Amino acid sequence: VQLQASGGGLVQAGGSLRVSCTASGRTFSMFHMAWFHQAPGKEREFVAAISRDEGDTYYTDSVKGRFTISRDNAQSMVMVFLQMSSLNAEDTAVYYCAACVGSFANAPFIRRPGTYNYWGQGTLVTVSS
């Protein structure tokens with residue numbers, strides 16, 4: 001079972017970046033997927049999530065209208081993407097992808113790190129002002 005995040009880097013404020021996550025080793029097409037981020041000295045925070053059938057997406061308020069989560073279940077390995085635009089310094093963090101085996105019960109449940117069963121190693125996004 002492996003979640004591999006990639007695509008992080010250095011970007012100027014106002015710019016765009018897409019991070020990706022490859023999920024392999026299980027039937028990840030059956031899992032809900034999410035992105036969290038963790039800034040230095042802070043706790044891991046929810047960013048966005050997408051249901052297993054791609055029908056529902058969820059975002060934290062600070063990224064609504066700027067970030068888009070998507071997934072590709074068609075491949076033998078599931079891919080999850082986070083397209084980020086209008087980036088600002090507050091977006092600087094390590095971005096982690098995560099997978100949830102169970103059901104998305106409600107909004108607080110979706111936003112809680114403990115909901116997720118599998119985690120990737122993270123990819124660093126640095127926004128320069």
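This report describes a predicted model of one protein chain, from its overall fold to a few single residues.

## Overall fold

The chain contains 11 strands and 1 helix. Their order along the sequence is β-β-β-β-β-β-β-β-β-α-β-β. The radius of gyration is 14 Å, close to the 14 Å that the globule rule gives for 129 residues, so the chain is as compact as a globular protein of that length. Along the principal axes, the C-alpha trace spans about 40 × 30 × 25 Å.

Of the 129 residues, 43% count as buried. The accessible surface of the chain comes to about 6300 Å², and carbon and sulfur atoms account for 47% of that area. Among contacts with a sequence separation of 6 or more, 59% are between residues 24 or more positions apart.

## Nonpolar cores

The largest nonpolar core has 30 residues, and the members that touch the most others are M33, W35, L82, M84 and Y95. At least two residues of this core come from each of β1 (2-6), β3 (17-24), β4 (32-38), β5 (45-50), β7 (67-72), β8, β9 and β11 (123-128). Another core lies apart from it, with 9 residues that include A34, A49, A98 and F104. In soluble globular proteins, nonpolar side chains tend to be buried together.

Y95 shows how one core member meets other parts of the chain. Leaving out residues up to four places away in sequence, Y95 touches A5, W35, F36, H37, V47, F67, L82, M84, G122, T123 and V125. Two of these partners, W35 and M84, are also named among the core members that touch the most others.

## Cysteines

A search of the whole structure finds 1 disulfide. This bond joins C21 to C97, with an S to S distance of 2.1 Å. C21 sits in strand β3 and C97 in strand β9, so the pair, 76 residues apart, links distant parts of the chain. The link is right-handed, with 60 degrees about the S-S bond. Both C21 and C97 are buried.

C100 is buried, with a relative accessible area of 1%.

## Two loop residues

Q121 lies in the loop between β10 (118-119) and β11. With a relative accessible area of 42%, Q121 is partly exposed. Its contacts, not counting residues up to four places away in sequence, are with L3, Q4, A5 and Y96. The side chain of Q121 also reaches the backbone oxygen of A5 at 2.9 Å. Q38 is 83 residues from Q121 in sequence, and their C-alpha atoms are 12 Å apart in space.

S86 is placed in the loop between β8 (78-84) and β9 (93-100). Its phi is near 50 degrees, a positive value in a residue other than glycine. S86 is partly exposed, with a relative accessible area of 43%.

Definitions and conventions: Residues numbered from 1 in each chain as written. Predicted model: local features only at pLDDT ≥ 70, side-chain atom pairs only at ≥ 80, totals over all residues. Heavy atoms only, no water. Helix = DSSP H or I, 4+ residues; strand = E, 2+ residues; numbered from the N terminus. Buried < 20%, exposed > 50% of the residue type's maximum accessible area, 1.4 Å probe, protein only. Core = buried A, V, L, I, M, F, W, Y, C linked by side-chain atoms within 4.5 Å. Contact = heavy atoms within 4.5 Å. Polar contact = N/O pair within 3.5 Å; in protein donor to acceptor, adjacent residues only side chain to side chain. Disulfide = S-S within 2.5 Å. Rg over C-alpha atoms; globule rule 2.2 N^0.38 Å. Areas by Shrake-Rupley, 256 points an atom, 1.4 Å probe, with all protein chains shown as cover.
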